[in-house]
Amino acid sequence: TNAHVITPNLTEASFLFEDAFFSEGSGEDYILVLLNCLASFGAHKIVLKGISYKQNYCGIIAYDAKTKE
């Protein structure tokens, strides 16, 4: 991809990799795997939306593919 930033939500990101939505839950380990898979498309930055580690809370995670942070 030539995109510098991609901004999928959790459902879209899961479907991109043919992963059953929430098959492993949306824990931190699952999210990190998903971010690394998204980085394989070549985007420099990833903003993953719809992340919820606590009930009734929803947020985003920004990820830099170069620094892996």
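Predicted model: local features only at pLDDT ≥ 70, side-chain atom pairs only at ≥ 80, totals over all residues.
Which element does D64 lie in? D64 lies in strand 3.

Three strands form an open sheet in the order 1-2-3, and the pairing is mixed. Strand 1 and strand 3 stand at the edges with a single partner strand each, so one side of each has no neighbour in the sheet. Strand 2 and strand 3 run antiparallel and are joined by six bridges. K49, for example, has I60 in strand 3 as its bridge partner. Helix 2 packs on this sheet and touches strand 1, strand 2 and strand 3. The direction of helix 2 makes about 140 degrees with that of strand 2.

Now return to D64. Is this residue buried or exposed? D64 has a relative accessible area of 16%. The limit for buried is under 20%, so D64 counts as buried. Its side chain reaches the backbone nitrogen of T67 at 3.1 Å. Leaving aside residues up to four places away in sequence, D64 touches H44, K45 and E69.

Next, helix 2 itself. It covers residues 28–39, 12 residues in total. From first C-alpha to last it reaches 16 Å, close to the 16 Å expected at 1.5 Å a residue. Its buried residues are Y30, I31, L34, L35, L38 and A39. An α-helix has 3.6 residues a turn, so residues three or four places apart point the same way. What covers the buried residues of helix 2 includes strand 1 (5–6), helix 1 (10–16), strand 2 (45–51) and strand 3 (59–64).

Then the core. In soluble globular proteins, nonpolar side chains tend to be buried together. Here the largest nonpolar core has 14 residues. Those with the most contacts inside it are L10, I31, L34, L35, L38, I46 and L48. Helix 1, helix 2 and strand 2 are the elements that give two or more residues to this core. Helix 2 supplies the largest share, six residues.

G27 lies in the loop between helix 1 and helix 2. With a relative accessible area of 34%, G27 is partly exposed; that class falls between the 20% and 50% limits. G27 and S52 are 25 residues apart along the chain, and 8.5 Å separates their C-alpha atoms.

Terms used:
Residues numbered from 1 in each chain as written. Heavy atoms only, no water. Helix = DSSP H or I, 4+ residues; strand = E, 2+ residues; numbered from the N terminus. Expected span 1.5 Å × (residues − 1). Buried < 20%, exposed > 50% of the residue type's maximum accessible area, 1.4 Å probe, protein only. Contact = heavy atoms within 4.5 Å. Pairing = 2+ DSSP bridges. Axes fitted to C-alpha atoms, helices over the stretch in contact; angles between N-to-C directions. Core = buried A, V, L, I, M, F, W, Y, C linked by side-chain atoms within 4.5 Å. Polar contact = N/O pair within 3.5 Å; in protein donor to acceptor, adjacent residues only side chain to side chain.
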